[in-house]
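Here is a short briefing on one structure. Please keep the sequence and the model at hand while reading.

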Amino acid sequence: APTTEQRQPDADGGQSSQGAGISPDVAAAAISTAVSLLIRACHFFRPRAEFFLGLLLEMQGKESVDWQRIDPPERDDVEARLPGHRTLRSLELKLQEQNNLHEMEMLKLKEAHKAEIEGLKAQGKESAREIRELKRKGTWQLTLEKTPEGYWTDREYSAGPYSEEYADSMRNLQGDIKDAVVKLREGGRDDLDDDDVLYIHLSFECDGILYQHAHHDDVMIPYWRELANALVHWSEFRARKGDRVGLILEYIVLPRKVRAILRPAIAVSKIRELGLYSVVPSHELKDFLGDIMLTNKYIRRLDLPNVRIESVEHIKPLTRAIKARLANGHHLDTLVLASCIGGGKLDILKEVSTCKIGSLFLDDNEIETECLAPITEL
């Protein structure tokens, strides 16, 4: 572009070249503008852009350029020479500061949220403890009352009317069940108990002679139900660590409706020893025992004296349950089959020999010589 200076004729009458061409100020402004535009493209073409920016800056400084030694300049050096660099840098610092503040706020919120959750958990545990304590103390009241003697003596069964002795024995059994319920509910102990085993022994005795069973009557249903509930209550709220129950029922008729009440309670209660002494009807106990032994992992001793086993089919549900327990790591220490085995002794003993039982009692079974082989394999 022409300058504002007047061109003067030279000595030969021509025009002077002084002031002709592009002035240094204009060139510097153009280069600065180009640099500003190029820096905006750095986000897309950063490597090449920085290299050419270095060349332009050296040309602006009127320095000779050695093309073999030119390296792309550092970004900070380039930005430091640009117009508006301070404004951009200030914005970047503010953005970084805001990010840091945001991260700190999020961290505080997370910590507060975690503390709130821990507080709620602690409140939940405290509430659960209070509920358990209330249940343990509870508002439970024993409402069982012994059946009057006349109720029994006025009734008859297949062998004739019940005697006064039988009525007294039934009332005694009711009293024993009532005492057992109170013992379980209140966590009491007596001289029959071990340090870690609470024994509940319910036996029917008439005229001082055993081998006569307590027949079922519907007036006994509330007693069995209270006993079942007390077993569960003791196991959940009263048992100390390692405490167990020894439950023995002796010379009592357990019909289907009674088994339906006792089975769920015995299956979940912390029972170490279960004894069914001469209970009847024995042929209906196979599924009852099988379900209990399969479900209750605490039982270590099972006593079945005088519970008649007439065939191998009667004992298979029990042996299957014992094997399943063993597969889950719950073994049976002791099995008592005294005076139990009736017909099919050889097959029954073979079936029992497949179970890994710590101790097996076969007292008073009149075992023939041919049955010795499976016994020796135990």
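Is His 213 buried or exposed? His 213 is buried: its relative accessible area is 18%, and the cut-off for buried is under 20%. The model is predicted.

**His 213 and its surroundings**
- His 213 sits in the loop between strand 3 and helix 7.
- Its side chain reaches the backbone oxygen of Ser 278 at 2.6 Å.
- Beyond its neighbours within four places in sequence, His 213 is in contact with Tyr 166, Phe 204, Tyr 251, Ile 252, Val 253, Ser 278 and Val 280.

- Six strands form an open sheet in the order 3-4-5-6-7-8, and the pairing is parallel.
- Strand 3 and strand 8 (359-361) stand at the edges; each has a single partner strand, so one side of each lacks a neighbour in the sheet.
- On average, neighbouring strands of this sheet are turned by 5° against each other, direction ignored.
- Strands of a sheet pair through backbone hydrogen bonds.

**Strand 3 and strand 4**
- Strand 3 covers residues 197-203 and is mostly covered, with five of its seven residues buried.
- Strand 4 (residues 244-250) runs parallel to strand 3, and seven bridges join the two.
- Ile 200 stands opposite Leu 247 of strand 4.
- Leu 202 has Leu 249 of strand 4 as its bridge partner.
- In a regular strand, side chains alternate between the two faces of the sheet.

**Helices across the sheet**
- Helix 6 (residues 164-186) lies across strand 3 and strand 4, and runs at about 165° to strand 3.
- Helix 7 (residues 221-238) also lies across strand 3 and strand 4. Its angle to strand 4 is about 160°.

**Helix 9**
- Helix 9 spans residues 285-295. Its buried residues are Leu 285, Phe 288, Leu 289, Gly 290, Ile 292 and Met 293.
- These buried residues pack against two helices, helix 8 (256-268) and helix 10 (312-327).
- They also pack against strand 5 (271-277) and strand 6 (301-303).

**Cysteines**
- A search of the whole structure finds zero disulfides.
- Cys 206 is buried, because its relative accessible area is 3% and the cut-off is under 20%.
- Cys 340 also counts as buried, at 0% relative accessibility.

How values were computed. Residues numbered from 1 in each chain as written. Predicted model: local features only at pLDDT ≥ 70, side-chain atom pairs only at ≥ 80, totals over all residues. Heavy atoms only, no water. Buried < 20%, exposed > 50% of the residue type's maximum accessible area, 1.4 Å probe, protein only. Helix = DSSP H or I, 4+ residues; strand = E, 2+ residues; numbered from the N terminus. Contact = heavy atoms within 4.5 Å. Pairing = 2+ DSSP bridges. Axes fitted to C-alpha atoms, helices over the stretch in contact; angles between N-to-C directions. Disulfide = S-S within 2.5 Å. Polar contact = N/O pair within 3.5 Å; in protein donor to acceptor, adjacent residues only side chain to side chain.
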